[in-house]
Amino acid sequence: MKILVAGGAGLIGSHLTELLLNQGHQVDVVDNFVTGRKENINHLHDNKNFSLIEMDIVKSVPQNKYDRIYNLAFRLRKWKGLGLAELA
């Protein structure tokens, strides 16, 4: 299956990505690294079924067809509006 994980460099997204790759899926990760960490996915770069797209999912969506999409992207702007930005 071809799968998109938005926010895939975050704590939960990176673990989900690793699980999906171990199941044999082709996984594209989209992350802008505002809250995600490259260290969370560095070990996945050698996997032929892994692809990283560094971009903001809010501004644009990859133009590929996906069988499944997981949206774990974090919207910092929403948290700032609630006064919870220090959690980010």
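What does the accessible surface of the protein come to, and what percentage of it belongs to carbon and sulfur atoms? The surface comes to about 5800 Å², and 50% of it belongs to carbon and sulfur atoms. The areas come from the Shrake-Rupley method with a 1.4 Å probe, and for residues only the protein chains shown count as cover.

Let me state the basis of this presentation. This is a predicted model, in which local features need pLDDT of at least 70 and side-chain atom pairs count only at pLDDT 80 or more, while totals for chains, interfaces and linings use all residues. Residues are numbered from 1 along each chain as its sequence is written, and side-chain values use heavy atoms, with hydrogens and water left out.

I turn to the overall fold. The protein contains two helices and four strands, and along the sequence these follow the pattern β-α-β-β-β-α. Helices (H or I, at least four residues) and strands (E, at least two) are DSSP runs, numbered from the N terminus. Of the 88 residues in the protein, 33% are buried; buried means under 20% relative accessible area, exposed means over 50%, and partly exposed lies in between, with a 1.4 Å probe and protein chains only. Among contacts (heavy atoms within 4.5 Å) with a separation of 6 or more, 58% are accounted for by residues 24 or more positions apart.

Next, the interior. A nonpolar core is a set of buried Ala, Val, Leu, Ile, Met, Phe, Trp, Tyr and Cys residues joined through side-chain atoms within 4.5 Å. The largest such core has 12 residues: I3, V5, A9, L16, L20, L21, V27, V29, F33, I41, L44 and F50. Two or more residues of this core are given by each of β1 (2–6), α1 (11–22) and β2 (26–31). Helix α1 supplies the largest share of the core, three residues. A second, separate core of six residues includes A6, V30, M55 and Y66.

Leaving aside neighbours within four places in sequence, I41 is in contact with G8, A9, S14, F33, F50 and L52.

Is F33 buried or exposed? F33 counts as buried because its relative accessibility is 14%. Its backbone is also worth noting: F33 has a positive phi of about 60° although it is not a glycine. Most residues other than glycine have a negative phi. The charged end of K38 sits over the ring of F33, 5.1 Å from the ring centre; the criterion is NZ of Lys or CZ of Arg within 6 Å of the ring centre and within 35 degrees of the ring normal.

Two further residues share this loop between β2 and β3. V34 is found there and counts as partly exposed because its relative accessibility is 47%. V34 and G10 are 24 residues apart in sequence, with their C-alpha atoms 9.5 Å apart in space.

N40 is also located in the loop between β2 and β3, and is partly exposed, with a relative accessible area of 27%. Not counting residues up to four places away in sequence, N40 touches A9, G10, L11 and S14. A polar atom of the N40 side chain lies 2.8 Å from the backbone oxygen of A9. From N40 to G8 the separation is 32 residues in sequence and 8.8 Å in space, C-alpha to C-alpha.

I now move to H25, in the loop between α1 and β2. H25 is buried, with a relative accessible area of 14%. Its side chain makes a polar contact with the side chain of Q23 at 3.5 Å. A polar contact is a pair of N or O atoms within 3.5 Å; within protein, one must be able to donate a hydrogen and the other to accept it, and residues adjacent in sequence count only if both atoms are side-chain atoms. A polar atom of the H25 side chain also lies 3.4 Å from the backbone nitrogen of M1. Beyond residues up to four places away in sequence, H25 touches M1, I3, L20 and N49.

Finally, D67 lies in the loop between β3 and β4 (68–71). Why does D67 count as exposed? D67 counts as exposed because its relative accessibility is 56%. D67 and K2 are 65 residues apart in sequence and 5.4 Å apart in space, C-alpha to C-alpha. Not counting residues up to four places away in sequence, D67 touches M1 and K2.
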